[in-house]
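Hi everyone, thanks for having me. I'd like to walk you through one structure, so please take a look at the screen.

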Amino acid sequence: MDVVNTLSNKCSGKDIFYKVDCTDLKCRLCGTRFNKVEDVARHLKYDHDRRIDLNSGNRIQVYKLTDGEYNCAICNKNLHSLISLWRHTAAHYNKYTCDTCGNRYLAFGSLKFHIRSVHSKPNCSKCHTEFETNEMLLEHNKISKACWHFTCVTCGERFRSFKEKQSHAEKVHKKEKLVYRCAKCDIIYNTHRQFYQHSIVMHSNDYFMCSFCSMKFGSKHTMRQHMATHTGEKKFEWLRRVKDIERKNPKRLFERSVNQNPQRRNAVLILRHSTAIPFKTRFNRIICSYCHDELDSMDNLRTHISDNHSNADYNSAFYKVVDDLKIDISRFKCNVCLDSFDDVERFMNHISSNHGKVVNFDVPFGVLPFKQNDAGLWVCFECDKLFRDFPQINCHIRSHLKIYTCEKCSATFLSEHGLRQHERNLKCYTSSYKPRFGKAIKQRSNTEIILKCSTALPFRIWGQNFNCMFCRVQAGNPNGLRAHMSSRHANFEIGLVFNRRLNNEFLKVDITNLQCKLCFMSIDNLDELLAHLKNDHKQPINFDAQPGVLPFKLNDGSSWRCVICKMQFTDFNSLKKHTSEHYQNFVCDTCGEGFVTDGALRAHKRIPHDNKYNCSRCIATFSTLEERRVHMKSQHTSMPYMCMHCKDKPRFATWELRKRHFMEIHNFKPGADAYECTTCHMTFKTRSQKYHHNVKSHRSKKDTDYGFPCGHCSRAFMSKLSLDKHIAKKHFHL
């Protein structure tokens with residue numbers, strides 16, 4: 001018998017597995033008996049010099065078929081039927097995993113069919129027509145008879161269910177009624193359900209047993225109905241009780257995501273069987289993954305978790321975790337045998353081979369490890385560099401990892417799973433940025449050369465503070481920022497500057513003491529620096545592209561002067577807005593306003609240009625109420641806050657000064673009810689509460705009685721201003 005040609009003709013395809021019976025497994029050349037196919041392969045290779053590649057798969061599904069018994073040849077589990085044995089055995093060979101739900105499949109074609117039918121738009125499996133909702137698909141299945149799955153072999157008529165087809169065959173074609181016979185005890189059943197229940201109870205170990213009378217059942221539902229006769233509960237009372245418990249304690253979303261994600265299942269194995277400490281970060285500060293308390297150091301985190309979360313639910317560590325889970329493996333040991341390990345991969349191989357834990361090596365482990373040495377310094381796993389503070393290692397490690405970027409909103413992630421979850425759960429309204437003639441690449445190249453070859457210091461701003469680009473340390477004045485950069489980030493990595501989004505702006509740099517790092521020459525402004533690097537040091541500066549930075553001379557923070565036109569300003573925000581005007585190369589075609597980047601221009605164009613809000617004191621017009629409010633405060637008064645209780649209506653520069661005036665003159669206490677309804681004399685803490693009270697309780701007219709109706713909904717308003725506010729808030733995109 002030519003076995004090879006037969007298999008090649010019958011079963012062709014890279015995902016096909018051959019089912020073989022290994023009940024009496026022995027070598028045909030020498031007659032030696034074996035228990036496993038792998039032992040046969042090694043025997044043929046080393047004893048008979050056969051050309052066998054032991055590192056490749058053999059594409060064989062192993063079965064041990066005996067009369068009346070269906071036992072798995074791999075795990076020795078007893079099944080009740082041959083089809084159940086086939087499904088169970090195939091599960092041991094599933095190597096294709098769905099990244100969305102974690103289901104595994106034997107063949108790649110099965111995975112593609114699963115993705116097309118489950119994770120895409122609802123479609124008919126017969127005609128492959130796509131529908132927007134499942135209800136439309138169900139309606140199609142009811143109407144379209146050509147898409148029904150079950151066909152009568154005699155007359156060709158189609159049916160929606162197997163039961164309808166059998167009933168048709170019995171009534172129309174006078175065929176015998178289908179019965180189900182048990183092969184082990186020769187009992188006949190009329191329905192497949194009865195036969196299935198009998199097979200589970202009598203010929204498998206998957207039954208459910210009553211704890212009172214030891215009676216066996218094929219399902220948990222039937223067992224609970226039976227147990228109600230012992231406990232005295234009314235019919236279905238146990239079902240209502242179970243549903244009430246499930247309703248009070250629903251399964252949390254992150255727990256479902258952990259169970260459906262193979263990467264996070266690997267991460268749970270690490271937490272459960274090792275001494276790894278999970279943690280999170282917020283602005284590079286260490287936070288407990290379970291209670292979200294902020295800790296000063298990793299030693300305090302280890303003590304905190306051992307004292308408060310020794311028996312914590314490991315699934316809760318993944319709450320609001322998008323990327324891989326951060327873990328500390330400074331004292332990394334196996335909880336089973338107390339062996340020490342240096343990395344996660346060796347530990348996973350250890351628990352898989354020595355302790356029999358099921359590890360999925362086809363996907364990443366879902367963790368991002370960090371480690372401290374005995375001196376308390378953070379160690380990089382890739383380049384063995386040492387760092388004193390956690391923010392430094394947290395920024396440095398991104399240079400070794402692959403960064404996944406969303407094409408729509410440019411958000412960055414450390415794992416492909418985080419990017420996919422972001423794409424599924426978040427709607428990115430920002431269109432993808434396409435560099436115009438390579439300007440974005442040339443602009444960043446210029447920025448990297450400036451930071452590398454000069455003493456320009458990058459920084460961010462948060463409110464009135466100056467922030468470090470790398471560790472988010474805040475400084476109230478420029479001197480503090482420069483001292484921090486010189487002591488902590490003297491030799492910072494250029495690539496880390498671009499890890500955080502710049503929000504459609506250029507990188508802000510301080511050029512107070514600007515020098516060339518190549519020749520230590522003092523330089524006054526940015527243009528001279530670019531010319532010096534291009535002409536004297538032959539750096540590849542591209543003058544056709546923007547420099548990519550906004551230069552500032554912060555000095556000591558006492559004066560704010562533009563480095564380009566020497567214009568003086570009272571605060572840094574005004575200086576920043578003015579400096580950006582020197583680099584505005586993108587102009588709006590509608591209003592003529594200029595922007596530094598193309599992304600800022602596209603964000604501006606999303607706002608309508610109809611300037612329908614006028615200033616009552618000048619001829620200026622505005623597209624939003626917020627712009628007019630800022631204009632009124634900044635241009636027409638230096639005292640924007642007014643007291644409405646005094647006769648002379650005094651004004652104040654800040655809200656705090658007006659509040660102090662209320663407390664000293666009008667005896668208003670903090671948190672007191674200051675606003676009184678003139679109709680019912682109820683008092684409220686805020687003006688908005690009083691307004692909503694009047695609208696709900698004392699409004700005598702209906703919405704339709706007012707003179708300014710909304711054209712998009714059924715509401716109406718007393719004034720044009722109220723109508724404009726309503727449209728701007730509720731119908732902005734119309």
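I'll talk about a sheet, then the cores, then some cysteines.

Quick housekeeping: this is a predicted model, where local features need pLDDT of at least 70 and side-chain atom pairs count only at pLDDT 80 or more, while totals for chains, interfaces and linings use all residues. Residues are numbered from 1 along each chain as its sequence is written, and side-chain values use heavy atoms, with hydrogens and water left out.

So, the sheet. It's open, with five strands in the order β23-β22-β21-β24-β25 and mixed pairing. Strands here are DSSP E runs of at least two residues, helices are H or I runs of at least four, and both are numbered from the N terminus. Two strands pair if DSSP finds at least two bridges between them. β21 and β22 run antiparallel, joined by three bridges. In one of those strands, β22, phenylalanine 466 is the bridge partner of isoleucine 461.

Next, the cores: buried Ala, Val, Leu, Ile, Met, Phe, Trp, Tyr and Cys residues joined through side-chain atoms within 4.5 Å. Buried means under 20% relative accessible area, exposed over 50%, and partly exposed in between, using a 1.4 Å probe and protein chains only. The largest core has 44 residues, and Phe470 and Phe572 have the most contacts inside it. Another core, of 41 residues, lies apart from it and includes Leu301 and Val321.

How many disulfides are there? Zero, counting cysteine sulfur pairs within 2.5 Å. For cysteine 334, the nearest cysteine sulfur, from cysteine 337, is 3.8 Å away. Cysteine 334 counts as buried because its relative accessibility is 0%.
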